[in-house]
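The following explanation is intended for a reader who meets this structure for the first time.

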Amino acid sequence: MVLFFVATLVSQFCFANSTPAFWQLTKQDHATLHILGSIHVGSEELYPLPAHIEQAFNNASQLIVEVDMSRVTKSDLEEVQRLTHLPNPQRLADVMPIEQYRTLKAMLKPLGLNRPEVKALQPWFVIISAMHLKLEQIGYLAAMGIDQHFIQSANKVKKPIVQLENMQKQIWYMSQLAQESEEFVEQSMKELAEIDQLAPKLLEAWSQGNLSKLTTLLIANDQPEKDLNAFQTMMLERNQDWFEQLTALPKESDAFIVVGTLHLTGESNLIELLEQSGYQVTSIAQEIEPASVVD
């Protein structure tokens with residue numbers, strides 16, 4: 001499940017004819033929205049993106065993302081420090097079953113993460129850090145992700161950037177999910193072990209706009225019902241919060257929105273909430289002219 005926060009991932013895949021999930025939403029007396037499902041980790045092979053997506057970004061008056069890391073505050077960092085560290089004097093070995101701890105140690109060793117400071121971190125955060133490092137080692141960087149690509153593009157042309165939540169709130173959600181989920185750490189360790197095999201499958205599903213396959217790959221269906229319910233509750237809460245922010249946008253504030261793809265599928269997803277509120281939703285799967293869309 002932790003893979004949801006790190007992914008979607010990318011591999012050496014041909015993107016020339018990619019058709020990622022992308023929508024235009026219109027409503028009288030409201031801002032026009034373009035919404036793109038995000039890949040948070042990427043490589044150079046991901047670019048250039050389809051022209052109609054870049055065109056929609058260029059036409060928008062603002063960019064909206066989950067979190068803008070350039071706006072991280074001292075308060076954010078202090079809260080993240082509190083949420084991701086074990087209470088003194090606890091260490092990883094004190095809070096994990098012995099066999100699970102030994103397995104994690106073996107996974108961390110080739111990544112150079114068997115260090116004293118790492119052992120003071122929460123297990124779920126250690127695994128997330130290991131996933132990022134493993135991806136970096138094989139050439140997939142957060143700086144090359146979809147959200148970062150558009151943040152950098154917006155900064156170049158001084159396009160306003162709005163974040164839907166700050167970093168400490170996102171980390172808080174992660175910590176809550178780890179606390180409420182019985183199998184969170186075990187499932188996350190499994191994802192870490194399989195990440196090399198999962199990456200190309202996730203990438204292919206994203207490039208084809210195959211939301212059903214993405215959901216299947218990112219959310220294991222063999223988890224306890226309690227864990228799945230905790231995840232769904234978190235998703236619903238965040239989707240509702242973002243929905244309220246988007247529907248409050250001024251009429252003239254046409255927006256290009258980049259959020260995690262799983263927020264755009266499943267029960268009470270962001271697209272569904274907006275459609276239920278009266279937005280006309282058009283799925284865009286090919287290059288378009290500025291004044292028209294293809295359903």
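Does Ser-268 count as buried or partly exposed? In this predicted model, Ser-268 has a relative accessibility of 22% and therefore counts as partly exposed, since the term buried is kept for values under 20%. Ser-268 is found in the loop that runs between strand 5 (255–260) and helix 12 (270–276). Its phi is near 50°, which is a positive value in a residue other than glycine.

Helix 12 also holds Leu-270. With a relative accessible area of 0%, Leu-270 is buried. Leaving aside residues up to four places away in sequence, Leu-270 touches Asn-239, Trp-242, Phe-243, Leu-246, Val-259, His-263 and Leu-264.

The chain as a whole may now be considered. The protein chain contains 12 helices and six strands. It has 295 residues, of which 51% count as buried. When contacts between residues at least 6 apart in sequence are considered, 83% of them join residues at least 24 apart.

The interior comes next. In soluble globular proteins, nonpolar side chains tend to be buried together. Here the largest nonpolar core has 66 residues, and the members that touch the most others are Leu-33, Leu-63, Ile-146, Phe-150, Leu-246, Phe-256 and Leu-274. Helix 11 (residues 225–247) supplies seven residues, the largest share of this core. To return to Leu-246, its partners, not counting residues up to four places away in sequence, are Leu-33, Ile-64, Leu-164, Ile-257, Leu-270, Leu-274 and Tyr-279.

Phe-150, which was named among the core residues with the most contacts to other members, also takes part in the packing of two helices. Helix 2 (residues 51–59) and helix 7 (residues 146–156) pack at an angle of about 45°, and their axes lie 11 Å apart. The two helices are therefore oblique to each other, and helix 2 passes helix 7 in a right-handed crossing. From helix 2, the residues Ile-53, Glu-54 and Phe-57 meet His-149, Phe-150, Ser-153 and Ala-154 of helix 7. By type, the residues of this contact comprise four nonpolar, two polar and one charged.

The backbone also deserves attention. Most residues other than glycine have a negative phi, and most peptide bonds are trans. Ser-268, with its phi near 50°, has a positive value, and Asp-29 also has a positive phi, near 65°. Asp-29 is placed in the loop between strand 1 (22–26) and strand 2 (33–38). Is Asp-29 buried or exposed? Its relative accessible area is 52%, so Asp-29 is exposed, the limit for that term being over 50%. As for the peptide bonds, a cis bond joins Asn-88 and Pro-89, with omega about 5°. Pro-89 belongs to the loop between helix 3 (74–84) and helix 4 (92–95).

Definitions and conventions
Residues are numbered from 1 along each chain as its sequence is written. This is a predicted model: local features need pLDDT of at least 70, side-chain atom pairs count only at pLDDT 80 or more; totals for chains, interfaces and linings use all residues. Side-chain values use heavy atoms; hydrogens and water are left out. A nonpolar core is a set of buried Ala, Val, Leu, Ile, Met, Phe, Trp, Tyr and Cys residues joined through side-chain atoms within 4.5 Å. Buried means under 20% relative accessible area, exposed over 50%, partly exposed in between (1.4 Å probe, protein chains only). Helices (H or I, at least four residues) and strands (E, at least two) are DSSP runs, numbered from the N terminus. Contact means heavy atoms within 4.5 Å. Axes are lines fitted to C-alpha atoms, for helices over the stretch in contact, and angles run from 0 to 180 degrees between N-to-C directions. Angles under 35 degrees count as roughly parallel, over 145 as roughly antiparallel, 65 to 115 as roughly perpendicular and the rest as oblique. A crossing is left-handed if the near helix is turned anticlockwise from the far one by less than a right angle, and right-handed if clockwise. Ala, Val, Leu, Ile, Met, Phe, Trp, Tyr, Cys and Pro count as nonpolar, Asp, Glu, Lys and Arg as charged, and the others, Gly among them, as polar.
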